[in-house]
Amino acid sequence: MTPDRPLWRTALAPRWTALLLLALAIAGVMSVLGVWQLDVYRSKTAEATAKQALAAPIPLQSLFSVDEGLPAKAVGRRVTVAGTWGPAADQVFITDRRNGSQDGFWVVSPVMLDSGAVMVVRGWVASVDDPAATAPTGPVQLSGSVVASEAADSSGDATRGRVLSSLRIPTLVHMVTYRLYDAFVVQTALDAGTVPSPAPAAVTPPAPPTDHAGLRNVAYAFQWWIFAAFTLWMWGRMVLDAHRGSPDELSDQDQETEPVGSSGTVSA
């Protein structure tokens, strides 16, 4: 049977107040531990992402083959590409690209490798007729960063010419007669080969994706926060059980909270 006395009187009994203070202290420590685990995760993630960005370039072919899809670990990786510039007719332009405050185009040219080819973003030009957009020829060795296909579909553009609205391998595979790697390389340096003059303006590769290292620490953080909430819930449950307890127990709690007069009797 639920007692007539209000719940707050039970909760404010000295022993439950003391237990609440203890529960709050324990929950506070657990909450701090959760925040600390989240900081550990952020630190590990930042360190792993920076390490990926600063890693020495490796040959593109060592990351994945032309027959494979682009692995997540390869996105943003610095690579080297050694081969021969492909046919000038296979060069494409990606529209609506900014260089400072000016709109223009990315110049994307194929580099023929031992197996298939990789499309390389050579740079930016103000127009497709810019002399810097002239397709290069001959052997080449360059460095750059691996970039995944963009999400927007540009297959409709391919039927109208070599100017596309997005950078997508699924579109380009239907525009060439050879196999393509499932990735682009944004050129950052021309290590060997003929340097075009004039040359397209350099394009800054996108930042590498965040390497979510230390995800286990995120789980630990949530565990600590759940423990903190459970501690406070347990205190509330215990108070509620005491509030619904036997009349004798409630009478004992009343005696703990009711003031005693100077005559030694309980004051009304």
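The residues that line the largest pocket divide into nine nonpolar, three polar and one charged; here Ala, Val, Leu, Ile, Met, Phe, Trp, Tyr, Cys and Pro count as nonpolar, Asp, Glu, Lys and Arg as charged, and the others, Gly among them, as polar. The model is a predicted one, in which local features need pLDDT of at least 70 and side-chain atom pairs count only at pLDDT 80 or more, while totals for chains, interfaces and linings use all residues. Residues are numbered from 1 along each chain as its sequence is written, and side-chain values use heavy atoms, with hydrogens and water left out.

A pocket is taken as an open set of points, on a 1 Å grid over the protein atoms alone, where a 1.4 Å probe fits and protein lies on both sides within 12 Å along at least five of seven lines; lining residues have an atom within 4 Å of a point. The largest one holds about 180 Å³ of space, the volume being the space filled by probe spheres set on the points, which are joined across faces, edges and corners. Of its 13 lining residues, Arg122, Gln187, Leu190, Pro196 and Ala199 lie nearest the centre. Strand β8 (residues 180–193) contributes the most to this lining, with three residues.

Turning to the chain as a whole, the secondary structure comes to six helices and eight strands, where helices (H or I, at least four residues) and strands (E, at least two) are DSSP runs numbered from the N terminus. Read from the N terminus, the elements follow the order α-α-β-β-β-β-β-β-α-β-α-β-α-α. Of the 268 residues in the chain, 37% are buried; buried means under 20% relative accessible area, exposed over 50%, and partly exposed in between, with a 1.4 Å probe and protein chains only. The chain exposes about 14900 Å², 60% of which is supplied by carbon and sulfur atoms; these areas come from the Shrake-Rupley method with a 1.4 Å probe, and for residues only the protein chains shown count as cover. Among contacts (heavy atoms within 4.5 Å) between residues at least 6 apart in sequence, 68% join residues at least 24 apart.

Strand pairing, which requires that DSSP finds at least two bridges between two strands, links β8 to two other strands described here. With β6, strand β8 runs antiparallel over eight bridges, and Gly144 stands opposite Gln187 of β8. With β5, in contrast, β8 pairs in the parallel sense over four bridges, and Val121 stands opposite Val186. Strand β6 (residues 139–147) is itself mostly covered, with seven of its nine residues buried. Strand β2 (residues 78–85) pairs with β6 in the antiparallel sense over seven bridges, and Thr84 has Pro139 of β6 as its bridge partner.

Strand β5 (residues 117–125) has nine of its nine residues buried, so it is largely enclosed by the rest of the structure. Strand β4 (residues 102–112) joins β5 through eight bridges in the antiparallel sense, and Val107 is placed opposite Gly123 of β5. The hairpin of β4 and β5 has four residues between the strands, and there Gly116 takes a positive phi near 75°.

A few individual residues complete the picture. Thr95, in strand β3 (residues 92–99), is buried at a relative accessible area of 18%. Neighbours within four places in sequence aside, Thr95 is in contact with Gly104, Phe105, Val163, Leu164 and Ser165. Leu172, in helix α4 (residues 169–172), is buried as well, with a relative accessible area of 3%. Not counting residues up to four places away in sequence, Leu172 touches Val92, Met119, Leu164, Leu180 and Phe184. Its C-alpha lies 9.0 Å from that of Val92, although Leu172 and Val92 are 80 residues apart in sequence.

Helix α5 (residues 215–243) holds Thr231 and also Leu240. Thr231 is buried, with a relative accessible area of 17%, and its contacts beyond four places in sequence are Ala23, Ile26 and Met30. Leu240, at 28% relative accessibility, counts as partly exposed.
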